[in-house]
Amino acid sequence: GAARPRLAFLGTGYLGATYAICFAELGYEVLGFDVDEAKIAKLAGGAVPFHEPGLDELLRRNLAAGRLRFTTEYKETADFADVHFICVGTPQRADGMGADLSYVESAVTGLAQHLTRKALIVGKSTVPVGTAEWIEQLVGKHAPADLGIEVAWSPEFLQEGFAVEDVLRPNRIVIGVKSDWANAMLYASHKGVFDLAATEDREVPLVVTDFATAELVKVAANAFLATKISFINAMAEVCEVAGGDVTMLARSIGYDPRIGNRFLQAGVGFGGGCLPKDIRAFQARAQELGAGEALRFLHEVDLINLRRRTRVLQLAAELLGRRSGPAGPDLSGTRVAVLGATFKPNSDDVRDAPSLAVAALLAKAGADVHVYDPEGMENARAAQPDLTYEPSMNDAVRGADLVCVLTEWADFRNADPVALGELAAGRRVIDGRNCLDSALWTHAGWEYRGMGRP
Ligand code: UDX
């Protein structure tokens, strides 16, 4: 019933697994579903198949408590839950910028066929606006008509590395609903979140709205964040030709609370599984709807972001004293250490990582590239098998003519430039995240270049 609905999360990738585990932690009876038997076996055995701080412990605790189970059966899922959250992936389509909804389609149809009582299907994946209406039609086609299955939307805002906190202590909950029943079911499904907030003297704002708005909230938020990063990277470009320092500029404008100081870190730009693909899918959808012009600026946001990668290549050529031809610089005969492969620190995710993209650019220009990352080695090797991977920071730096720090891991920020200087063949460093103490490195004899800094 609505007092404590039973929850299913379909798709136990990063999003679904995190939600399933955290909602079990909040006291709900939870079932995680996936078609991938290996993934389900891992989760059921107490192992999280990706890197997310704190999640392993919560998984094991809630498996042991019996509140959390996993399955590969649609029928079991249909029988179990009152509320079904669709958490499957929506990758960028192979044939364009739009989102591929085939996993959403198979999850919804697979589930709908087996439903035997009234239930709520809630979309959570990041999708083009209009998907909830489409899911309603799918459900109408595949679920028994007399059950009155309803659909709703509730976007997520997880940041890798902070996902547990983001689920347990979200800064808002947004739901798109068409009926009071759906509203009540979703409220009950999140009561654990509101109750936890109350015990901690916090409040979690709840926004109840229509389908289209709820779907748009997620892509709008990501578009804004991407724009903020590209804005400061555009300022970095201007600083580079004007002789300014973008870190001081960001600090100075960030004191205005209307601007805020977060997400103003200039560097090699944004990557990951969300921001790049989401801003592209958003543009594609807006175009379909006839509002392409409204989002044309996102194309610039994307271009600014990608230009940061070639900027590193340009800086590398400068530092190594190489001329650029029409095909870009020739870095053959040089050895470059790339520190960082993941798209951000405290993650093992290398999807659309600027660091790996720059490593590939350097290699393409002829450099002998040696990569090290504290957590992302396995994924990096799978994504870019042609680069050389080293077991430690020291091994990567040994013999290098140039060191590029491209992900701001604490290990790199706290590295001793004196010790590294003894290993390197040439003391040249590019600080692709403006995360190093430039004075310290310069003092240790390194030729230092940051992003958007003199
Ligand atoms: C992002 C959103 O933050 C999250 O709300 C959404 O649900 C999913 O997408 P995530 O992909 O985990 O989350 O990473 P985030 O921490 O936002 O960083 C994205 C990228 O932007 C990283 O590559 C990061 O290095 C870069 N970034 C971030 C900057 O270059 N500068 C900044 O100031 C902030």
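**View 1. The residues around the ligand in a predicted model.** Around the ligand there are 19 residues, and among these Glu160, Gln265, Phe270, Gly272 and Cys274 come nearest, where a residue is near a molecule if its C-beta atom, placed from the backbone, lies within 6 Å of it. This is a predicted model, in which local features need pLDDT of at least 70 and side-chain atom pairs count only at pLDDT 80 or more, while totals for chains, interfaces and linings use all residues. Residues are numbered from 1 along each chain as its sequence is written.

**View 2. The ligand and the two domains.** Because domain 1 (7-209) and domain 2 (210-454) both give residues to the shell around the ligand, the ligand lies between them; the domain bounds come from an automatic or database domain assignment. Helix 10 (residues 211-242) gives the most to this shell, with 3 residues, and helices (H or I, at least four residues) and strands (E, at least two) are DSSP runs, numbered from the N terminus.

**View 3. The loop that holds Asp201.** Asp201 is placed in the loop between helix 9 (191-199) and strand 8 (206-209), and its phi is near 60 degrees, a positive value in a residue other than glycine. Asp201 counts as exposed because it has 6 C-beta neighbours inside 10 Å; a residue is exposed with 12 or fewer other C-beta atoms within 10 Å of its own, buried with 20 or more, and partly exposed in between, with C-beta atoms placed from the backbone.

**View 4. The loop that holds Asp352.** Asp352, in the loop between strand 11 (335-339) and helix 14 (354-364), has a positive phi of about 50 degrees although it is not a glycine. Asp352 counts as buried because it has 20 C-beta neighbours inside 10 Å.
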